[in-house]
Amino acid sequence: MKTHARVVVIGGGAVGVSTLYHLAKKGWSDVVLIERSELTAGSTWHAAGLLPLFNMSYTVGQLHKYSVDLYKRLPAETGQDVSFHVTGNLRLATNRERMDEYQKYCGTANTIGVPFQVIGAEEVKKLWPLVNLGNGGDTPNIVGALYHPDDGHIAPADLTMALRRGARAGGAEIYEQTEVTGATRTPSGEWKLTTNKGEIIAEHVVCATGNYARQTGRMFGINVPAIPVEHQYIVYDESPELKAYRAGGGRELAVLRESDKSYYLREERLGWILGPYEAGAPARFADGVPEWFGKSLFEGDLERLLPHVEAAQRRVPALEHCGIKDIVNGPISYTPDGSPLCGPAWGVRNLWLNEGHSFGITAAGGSGWQLAEWIVEGEPGIDMLATDPRRFGAYTSKRYTVAKNEETYKEVFTIHFPDEERPAARPAKTSPVYDKLARMGAVFGQRYGWERALWFAPPGVEPKDKWSFRRSNYTPHVGNEVRLMREKVGVIDLTPFTKHEVTGPGAEAWLDSLVANKVPTKIGRIALCHALTKRGGIRSEFTITKIADNHFYVVSAGAAERYDGDYLRRLVPTDGSVTLTNITGARGCFVVAGPRSRDLLAKLMDAPLDNKSFPWLTSQVVEVGLAVDVYALRVNFVGSLGWELHFPIEYAHHIFDSLFKAGAEYGIGMVGMRAMESLRLEKSYRMWGSDMTRDYTPFEASLDRFVRMNKGPFIGREALERQQAAGVPHRFITLEVHGVVDADPLGNEPLFDTKGKMIGRATSGYYGHTIQKSLAIGYVKPEFATVGTELTIEILGERKKATVLVESPYDPDNADLRA
Ligand SMILES: Cc1cc2nc3c(=O)[nH]c(=O)nc-3n(C[C@H](O)[C@H](O)[C@H](O)COP(=O)(O)OP(=O)(O)OC[C@H]3O[C@@H](n4cnc5c(N)ncnc54)[C@H](O)[C@@H]3O)c2cc1C
């Protein structure tokens, strides 16, 4: 075994070997893979080999598409067949909500270029003659289906071998029967890995250890939220009906998914493989894989499979006539949101994860492609936030992860409504006033482990969501909250915000080198600042306030605590000139906004609040009632007169109660996250993570006013210069969508010109309750960005007319904000 390598990949499943292959493809030949047993010995050998292109995530959808394209090329490139059966994939729908889900997905598929067809029951029968279209009773009628003609299934071991050949051709080396047992840092900052075959030193380490992710993580001191769940499939004997169909010249049947009964079915040697996602499948190996497990499987649990087997037999009666040959029950890695962990680890340099894959055969190609790009180029080529391991935080305790992963597994096939909020492992993190909000009728959702009030049910209304792709039971109440905020005064609890304190003589210069805007130089000033990638894309958004000399308060999205914190910690100067402290848990935040917010706060604060004394985009350290050391920031994300109060957490109840007591005469009320969505879209405010991602530069996002090209160097500046010279490929727009009855845009809808050519995508959308318009924001080619341009948007399969509006359709001159 070599003693040095530029990269060591740990784990020889499809994912690890694909990562190795892509590193070699990018020209890094000094790369090795270490496998404790033999290649594919983890989950890869027993995978069913399905390659579903279907994925609701814009990012994961792109990874799957890349994989399918790659796997078709691999045999010619490597000389190794991969048994890719391009059978197509047929997903059945037995109700309107399911069709809505497919149609929502089609928007994403369109924007990433995945071919698909939405078909009716007769076409289903033509494609799949052995299917029972339903009897309206115990076999629900098929109302339609989603068909992907381009995917199918593959032999996972052959795929891994083809990737191995390709990697070796690029100079990579693979050591089997070699187990990594420990990791330390060398004095020069490289990794020293201990194995049963000796030591190896590497600049970068990639963990691709599947079910072993937890114990691998422990070697590096990190708690990886990937815990496997049992997953089974049944292998059937030959099916007489299938044999007859094939003997009659029928082509191999598409992989069939009856989503509403939670199973997939595919041909296997003239018989079948049936794979359900059952309720009650337990998480395994939360503390690590025991030594005895090796290449083993679990006992099959037919009891758990039975409801799905019966449903499948009703849908495909041919199943009744074949015997069961085998039950394969193996561990399948899961994460709390079901997407993999592909990207940098946190808190340590040059450690990369490609773990937590539950569709790892499908995602191996794409995740290896992007991770290799990230390692070699320093940036992924597409927005990878949805797989970035740092999207999770310290809250992913063992019990949390077990509960969430079991839930995610069981919900694989349930309809994923855009407003769905799953109940497992909740409540976990709560704001101090959580109980008060609950008593006020709050319906909560969870983000980054935090409970956040989505909307408030008024007295007499049940505080419960009815999830939908369309306007729903909560829509009128959200509208009332929006109007309350625009007409009176509302409070939003934004305690989950990520909050960092940056202090020291080097604080200002350091922050300035990270962001495109000028960091405030005057005490009390606030600046909205964007940290860019080297390619100029938007990686983070920070609201930076200068509290005092050498003291900055840096606020970013609640879900970005680890993502931003890790980034800042990596770059903080080591000469002691800057101290970076995460104070997320130490301060709470209430937004107090609306035309009466000044009158209300004047009753609790001595600081004068008139425009001259407390202008927009400034802050003061104030007392609010009995509370001291409150950072009052005259900014907000709703576009009304208002302040964000960032207070020491121990004052949460006092400030909350004082606000409601003093605000009673002004009609104060709580406002939830869904109203905030409506309010911010009326102002065209971009949301980090959906509207602002590394796919778009601040110029594309029309955030030019937050970029100071001549202030000195900052990360991403050269890329912006190049883009300025070459021309900006996209422009941000706000759209009014016409003719909406009940389905507003929600993001990821394709945009077309009037001739039907796709020219962009919506990144968010909602109903603007004040201006009473259905709104979308997104990106189009520059020639379509002029105010008044007529476009078309596809929402749940229907094309709707849309018009480009002036930015910030509510109060474009910011008169309210400056009132
Ligand atoms: C029953 C079943 C059916 C499935 N069907 C499908 C499907 O149809 N389509 C699909 O896309 N996915 C499917 N999957 C999921 C798929 O199997 C996994 O997502 C995929 O195999 C993960 O690949 P991997 O490379 O991440 O992990 P693995 O294949 O588990 O590989 C990890 C490797 O790391 C090695 N390793 C661990 N620790 C160390 C160490 N310290 N030192 C050296 N080596 C180490 C292990 O020995 C192992 O070989 C299925 C899973 C199951 C259980």
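How far is a polar backbone atom of Gly360 from an oxygen atom of the ligand? Select Gly360 and the ligand together: the gap is 2.8 Å. Keep in mind as you click around that this is a predicted model.

Then bring up Thr44, whose side chain places an N or O atom 2.5 Å from an oxygen atom of the ligand. On its own the ligand would expose 990 Å², and the protein buries 98% of that.

Now show the whole shell. There are 38 residues around the ligand, and the ones that come nearest are Glu35, Thr44, Leu50, His357 and Thr362. Color them by type and you get 17 nonpolar, 18 polar and 3 charged. To see which elements give two or more residues to this shell, highlight α1 (14-25), β10 (229-236), β14 (324-332) and α9 (360-377).

Most residues other than glycine have a negative phi, and most peptide bonds are trans.

Jump to the loop between β12 (263-268) and β13 (271-276), where you'll find Leu270. Leu270 isn't a glycine, yet its phi is positive, about 65°. This residue is partly exposed, at 28% relative accessible area.

Then pick Tyr448, in the loop between β17 (442-447) and β18 (450-456). Tyr448 also has a positive phi, about 55°, without being a glycine. Tyr448 counts as buried, at 7% relative accessibility.

Last stop: Pro427, in the loop between α10 (398-410) and α11 (434-439). Select Arg426 too and check the peptide bond joining it to Pro427: that bond is cis, with omega near -10°.

How values were computed:
Residues are numbered from 1 along each chain as its sequence is written. This is a predicted model: local features need pLDDT of at least 70, side-chain atom pairs count only at pLDDT 80 or more; totals for chains, interfaces and linings use all residues. Side-chain values use heavy atoms; hydrogens and water are left out. A residue is near a molecule or strand if one of its heavy atoms lies within 4 Å of it. A polar contact is a pair of N or O atoms within 3.5 Å; within protein, one must be able to donate a hydrogen and the other to accept it, and residues adjacent in sequence count only if both atoms are side-chain atoms. Accessible areas come from the Shrake-Rupley method with a 1.4 Å probe; for residues, only the protein chains shown count as cover. Helices (H or I, at least four residues) and strands (E, at least two) are DSSP runs, numbered from the N terminus. Ala, Val, Leu, Ile, Met, Phe, Trp, Tyr, Cys and Pro count as nonpolar, Asp, Glu, Lys and Arg as charged, and the others, Gly among them, as polar. Buried means under 20% relative accessible area, exposed over 50%, partly exposed in between (1.4 Å probe, protein chains only).
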